[in-house]
Amino acid sequence: QVGLGALPLAVQAVNLDPSLLPGRRMEYVAADIGSNPGPSSSLATVPIRVMTEMRDNGTVAFIGPDGTCSAEALVAAAWNLPIISYRCADKLVSDKRIYHTFARTLAPSTKISKSVVALLKAFSWSMFVVVFGQIPAWAPQVKDAIKDLAHEHGLTVTDICQFAGDYTDYIPKNIAKMDRIVADTYQRTRVYVFVGEHIALVDFVKCLQKRGLLKNGEYIVISVDDEIYHPERRRNIVQRDYLDPWILKRNNSSWSSEDHILAFRSVLKLTPSHPRNPKYKEICEKVRKISAEPPFCVPYHRTIFDSISVPIHAAHLYDAVTIYARALTEVLAVGQDPRNGTAILARILNRSYHSVQGHDVYIDSNGDAEGNFSVVALLHDKEEANGTLGLSMQPVGYFRYDENNTALPEFKYYDDSRPIQWVGNSRPLAEPLCGFTGHKCLKDKWRISVTLGGLFALVLVAAIFAFKHYRYEQKLACLLWKIDMKDVTIISTAEADRNSMLHPGQLCRQSILRSIVPEVSPKRAYTKIGFYKGNTVAIKCIHKKSIDLTRNIRKELKQVREMRHENIITFIGACVEANNICILTAYCARGSLEDVLANEDLHLDNMFISSLIADIIKGMIYLHDSDIISHGNLRSSNCLVDSRWVLQISDFGLHEFKAGHEELDESLEIKRRLWRAPELLRSPNSHPRGTQKGDVYSFGIVLHEVAGRAGPWGNTQLTYHEIVERVKLGDGLRPVVIGLQVAPSVISCMQACWDEDPETRPDFRFVRVKLKEMQAGLKPNIFDNMLAIMEKYAYNLEGLVQERTNQLTEEKKKTDALLNRMLPKTVAESLKRGEPVEAESFECVTIYFSDVVGFTELSAVSTPLQVVELLNDLYTCCDSIISHYDVYKVETIGDAYMVVSGLPVRNGDRHAGETASMALHMLDSIRRLEIRHRPGEPLKLRIGIHSGQCVAGVVGLKMPRYCLFGDTVNTASRMESTGEAFKIHISSTTKELLDRLGGYTCEERGIVHIKGKGEMLTYWLIGEDRAMRLARL
């Protein structure tokens, strides 16, 4: 009530100020409406009734009330009368959509909450407990405002505790309840925000101190107090005379000890800033004096009244009158109605005014004054009298707003050299390092471990990079790619034999090749091949005498050695010996794509083609993304196909290594230009690496080559040189796409790839997209796709193998027939099986010899061709006859003809009859045979037959012959030579065998001298009984 004296004093100052309300005087009417009636109280309508009476009596504005004000502000808004409060803390009245004629000079609870949250954030106190009471009246609202604003700024309110009942004051006998609050919360917080009376704060600090919580500075209490800081009372820390006078009389109280006073070092008080107006003390004395006079008549008691300080609300009341007077002066100056509350408020909102406290105060658009708060803490204070050090509550900091006074303020020290004196020399933490329950220790250890691990990892990474660089230099120096040709076994092929560059330590001939690399066929080798460390390698010779291993060349070799991709050929190494420079790569058994396309027996369906093209694209994408950058020499002969039908790109990189290579075949060099891009053909100094766009052009030519299978430029009449020159000129010459059996999208991609402008050509990733339709049949899994390709290939081979098998069968039949004509069938079968044919003795066989009488004289008068023709007619006739008998034709020598029966297959005694019947048949046929070139002259044939023992066997390796040996052969030959024309001369042995068989007619010739045998009885064979022969068959 003491502060009510500020109202008459302010009115008096307004009336004395000539700049305010010139020509007019301000009058006021005081009305007592009671103290904070509740909403259900019978006195709740008193303020409205009083305001109505005052309005009816001519009141144009309301100053107050000093408690809740939402009802009064709503009524004033309905009447459009201004109402300016100096102590109302309701949050509702800040809504100008409803309370549009209301303003206040007291900062509402939301304002002080900004300072509280700003202080919490300044010291990183992210977790706290709110302890509040019901007195002062604004305490619950401040509590709610702090809670909401803390949540908005990411702070955690651990708990909210109330230490007094609703609408009741705190009294010291309730300290037990305060102690329970401490007991329930001290293990869950280190920061308390205390909103309540000072006497309650003293007991709260006492409870913390009794538990020893403030001894080490681990806890902090932030007290929100409405008592303005006064420098003269800075040492009055724990009590106020007018509130707790009995403390002074209890000198034995333990609470008055220095230890308990030191407990306030852990207390920070948020109080309204002390006025800066040097006359403020004088103004307060006037307020105190006027408040005891009518119409307020505050009860006066010297002991109590003199100890009561004038509350800060007196200054707010004084300011409310002043700002109303200023706004009313401006309204009247423009001729507006002084009762127009909207017009009055328009000149109060969003403006600053100079407070009686001595500082400027800003009123925002909601009609709320911004707070002006200081942080007060217990600091060391130097006594002026004796120079001793004491403790006193002193302001240490303030809150600075931005230009619009809307954001959260920033806490600043008044003097950086006199900060808050923390207990333990460090500010308390919002939460212990290990957490309130110790659960964060493990986490912290884990974080420390992770941090140390991270640092170790960084050091390790740095060390790895340094080591890698060292290793990189080592690899360049170590020549890991270098190969000594003495370690390479050259596989003898036509290519290797022609190559004079290779000087290997070993040369593997075809005779031992199969035992080393059975999967490689030298006849099908598409390049020079060798055997190195258990692997078959392809060898490319570089035709240059020597090479200087510069750093760039070593870097090139290291790059290609590290290239690893399923569609990139594996680099094995290189040989840099003088006159023996070559590159070794993995060997692809199926040759190049050019070889595959040239194989007419190989049917390439869409799946084969799509797979090969997809392999090229994947390999080129990898190549373009690598350090090699581009190929520069892409063509079908550099696309190799391995035994699994996977295409691998070769002949990339190593440009400095191959620099100076002399191509022996100039036509081959011209052919290679067929795949080269026109811009590269026109640039004689272009890098051998080419460009990525140039590779795309080359791919377009390869795609046409695969689609047409008629070479890179198809069936054209132009020579290679003419094609290169026209492409270089840029006249638009390209391979013909008409007639290609491919999808239109493939042709479109082909034409885009060989576009004249390199910038308009797609890259390989876009080429893959454009050819997606072509690859629609491929399996997503490379192994499945490979199996499908191999299955197709197997089907293709099956047809090809069947055709070749049929041809082989026919040829085998012809070979067998020819062999059977040359050798007996049993003998031929043994030879085919690889079995040796041993000589065999036969007990009894019959041998036939015949020749032409007078053949020498006949040959002398005939040409060689006529002799050959004669013998052919003779032998043809004889051969046609012997096929009807169980005989074997041994040989023919000149005009002599030799036949045997009884071998190699024995036939008992039938051999004599078979030979005799054949001789009779042959003699009969020869009688009718004429000599072509000597018509009418008969061919005189004489025949000799003898039976006996002989030996038969195969002799010779180059042209093996089945020959007969023994006396029987000689005797048969003598039978023939001693015979006569058109007669069959037989021995007595044969005569006996024929008689035994029966059916043959013989005539005794008599005793004949046989050379080497002496005198022998011989016979002429005259004829046979054909009926008996048929019976024997």
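So, to start: which cysteine forms a disulfide with cysteine 69? That's cysteine 88, and the two sulfur atoms sit 1.8 Å apart. By disulfide I mean a pair of cysteine sulfur atoms within 2.5 Å. The link is left-handed, at -70 degrees about the S-S bond. Both cysteine 69 and cysteine 88 are buried, where buried is under 20% relative accessible area, exposed is over 50% and partly exposed is in between, using a 1.4 Å probe and protein chains only.

Quick housekeeping. This is a predicted model, so local features need pLDDT of at least 70 and side-chain atom pairs count only at pLDDT 80 or more, while totals for chains, interfaces and linings use all residues. Residues are numbered from 1 along each chain as its sequence is written, and side-chain values use heavy atoms, with hydrogens and water left out.

Back to sulfur. The disulfide count comes to 1. Cysteine 541 is buried, at 7%. Cysteine 877 counts as buried because its relative accessible area is 18%.

Zooming out, the chain has 32 helices and 31 strands. Those are DSSP runs numbered from the N terminus, helices being H or I with at least four residues and strands E with at least two. Of its 1033 residues, 47% count as buried. Taking contacts (heavy atoms within 4.5 Å) with a separation of 6 or more, 68% are between residues 24 or more positions apart.

The chain exposes about 52,500 Å², with carbon and sulfur atoms supplying 53%; areas are Shrake-Rupley with a 1.4 Å probe, and for residues only the protein chains shown count as cover. Last stop: Ile448, Leu452, Leu455 and Leu458 make a nonpolar surface patch of about 420 Å². Leucine 458 lies in helix H13 (residues 440-478), and it counts as exposed because its relative accessibility is 58%. Patch members have over 30% relative accessible area and no salt bridge, with nonpolar side chains (Val, Leu, Ile, Met, Phe, Trp, Tyr) joined within 5 Å and like charges within 9 Å. A salt bridge here is a side-chain nitrogen of Lys or Arg within 4 Å of a carboxyl oxygen of Asp or Glu.
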